[in-house]
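Subject: Handover of a structure, with notes

Dear colleague,

Please find below the structure that I am handing over to you. My notes on what was found in it follow directly after.

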Amino acid sequence: MFLVRLLPVLRKTSVNFPVESYTKLIVKRKTHTLPKALRSTKSKSTRKEPIYFVDSKQVHVIGGKGGDGCISFLQLWCNERAGPDGGDGGNGGHVIFQATGDVSNFNHILSLIRGMTGENGRSDNCHGKNAQHTIVKVPVGTIVRNKEGKVVGDLNDANIMFVAARGGVGGKGNKFFATAVQKSPKICEYGPEGEDATYMLELRTMADIGFIGFPNAGKSTLLNAITRAKPKVAPYAFTTLRPYIGMVQYDDFTQLAVADLPGLIPDSHLNKGLGIQFLKHAERCKVLLIVLDVSLNEPLKHYEQLLHELSQFSANLAERPKIVVANKMDLPEAKDNLQELQSKLNLKVIPISAKSGTNLSELLSVMREYYEIHKNE
Ligand SMILES: Nc1nc2c(ncn2[C@@H]2O[C@H](COP(=O)(O)OP(=O)(O)OP(=O)(O)O)[C@@H](O)[C@H]2O)c(=O)[nH]1
Ligand SMILES: [Mg+2]
């Protein structure tokens, strides 16, 4: 009886399910803005030796030497002078750079790479074996420059190869030199050395977002806070001497590469401090995240100085999309400085404290927003 009474109610509710709530649901899904950054479930690695990210490397490549030809004469039991039978040497191996997604930087590449030597020729017309090519894996997006700085190779797709140094061709054995006039030549060729060249390998893009700031601004502390990377943090300038890369994970499985770059100082573009190399690292990031220490007075001046350094190095670099972060908000003097910065700068400033982890979730969602806008540039 109770069920009979309930049925029309159930039917009614199912029939009269408000259509607007469907649309509302759909609209809600569509406007669901950005995926959330995930906190890593893995602990930081216990490795003591840091792994540096090498985004440019000078390499000296030498092709393999060709195998030598052979001088030999055949002797048979009924024919003591059966003619020359010295075989040719095998070819030396090339040194080839091959783009692959298996590696992300040039950390594994040696400064001197030699190709393999071809085998020497032997008697009985035995030719030496050709050497195998030495294939050096480089990340997709590698630019190869020659000694003069001219771009000679652009490995922008997986499996594209660049022959860096060709191996020497194998020397001829004495059989090759036999003619109607000279039937027993006592000459052969040595296998020549391979090509010898020096190249500069550079990565087109090193990270999606690069941290720029003066020394001690808290760049490494921020990378430590948002990724599993563990760059050294210390209260003195130039703690970070090489770039560190960390990955930020989002709940839609996207990973964002962020780079902690060494600090800039006034006149960095004139190679002062630790040199313009660091500005070159910044050039390989799609978005710049400017970290300002707002516990110090006049943060706007610091921002302008940083922009001046970037623009003096390259106009293109100064025009990169920028996220401005005011760090060290946990310190008492920071509030006034932040207000002053926000009133004078017509860009959005994100106040954070990398040390205590304040407001990092807002920063992570802004980083993702910028990444979505600029990822294909
Ligand atoms: N109070 C406070 N201190 C911070 C904060 N972030 C960084 N620090 C301190 O600032 C000092 C420098 O931090 P680093 O992360 O090494 O600075 P950096 O920008 O990487 O410096 P360089 O590597 O020299 O360019 C350290 O003593 C940190 O503990 C913060 O949010 N609040
Ligand atoms: Mg640092």
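Which residue in β7 does I96 stand opposite? I96 stands opposite V163 in β7. The notes below place this pair in its sheet and then turn to the rest of the chain.

This is a predicted model, in which local features need pLDDT of at least 70 and side-chain atom pairs count only at pLDDT 80 or more, while totals for chains, interfaces and linings use all residues. Residues are numbered from 1 along each chain as its sequence is written, and chains are lettered from A and ligands numbered from 1 in the order in which they are written.

The chain as a whole

The chain holds eight helices and 14 strands; helices (H or I, at least four residues) and strands (E, at least two) are DSSP runs, numbered from the N terminus. The domain assignment gives domain 1 (54-204) and domain 2 (207-374), with bounds that come from an automatic or database assignment. The centres of domain 1 and domain 2, taken over C-alpha atoms, are separated by 47 Å.

The radius of gyration of the chain is 32 Å, whereas a compact globule of 377 residues would have one near 21 Å. This radius is taken over C-alpha atoms, and the globule rule is 2.2 Å times the number of residues to the power 0.38. Along the principal axes, the C-alpha atoms fill a box of roughly 115 × 75 × 40 Å.

Of the 377 residues, 38% count as buried. A residue is buried if 20 or more other C-beta atoms lie within 10 Å of its own, exposed if 12 or fewer, and partly exposed in between, with C-beta atoms placed from the backbone. Among contacts with a separation of 6 or more, 73% are between residues 24 or more positions apart; two residues are in contact if their C-beta atoms, placed from the backbone, lie within 7 Å.

The three-stranded sheet

An open sheet of three strands has the order β4-β2-β7, with mixed pairing; two strands pair if DSSP finds at least two bridges between them. β4 and β7 stand at the edges with a single partner strand each, so one side of each has no neighbour in the sheet. From one strand to the next, the twist averages 30 degrees; axes are lines fitted to C-alpha atoms, for helices over the stretch in contact, and angles run from 0 to 180 degrees between N-to-C directions.

β2 (residues 95-100) pairs with β4 (residues 134-139) in the parallel sense over six bridges, and T100 stands opposite P139 there. The covered face of β2 carries V95, F97 and A99, while I96, Q98 and T100 are on the uncovered one.

The five-stranded sheet

Another open sheet, also with mixed pairing, has five strands in the order β3-β1-β8-β5-β6. Its edge strands are β3 (112-114) and β6 (151-155), each of which pairs on one side only. Neighbouring strands are turned by 25 degrees against each other on average, direction ignored. β1 (residues 56-62) and β3 pair in the parallel sense over three bridges, with I62 opposite R114.

The nonpolar cores

A nonpolar core is a set of buried Ala, Val, Leu, Ile, Met, Phe, Trp, Tyr and Cys residues joined through C-beta atoms within 7 Å. The largest has 51 residues, and those with the most contacts inside it are I212, A259, L289, I290, V291 and V325. Strand β12 (residues 285-293) gives the most to this core, with seven residues. Leaving aside residues up to four places away in sequence, V291 touches F211, I212, G213, A217, G218, K219, L222, V325 and N327. Another core, of 13 residues, lies apart from the largest one and includes V95, F106, V138 and L155.

Two loop residues

G92 lies in the loop between β1 and β2 and is buried, with 31 other C-beta atoms within 10 Å. H269 is found in the loop between β11 (255-260) and α4 (277-283); this residue counts as partly exposed because 17 C-beta neighbours lie inside 10 Å. H269 and H308 are 39 residues apart in sequence and 9.1 Å apart in space, C-alpha to C-alpha.

With kind regards
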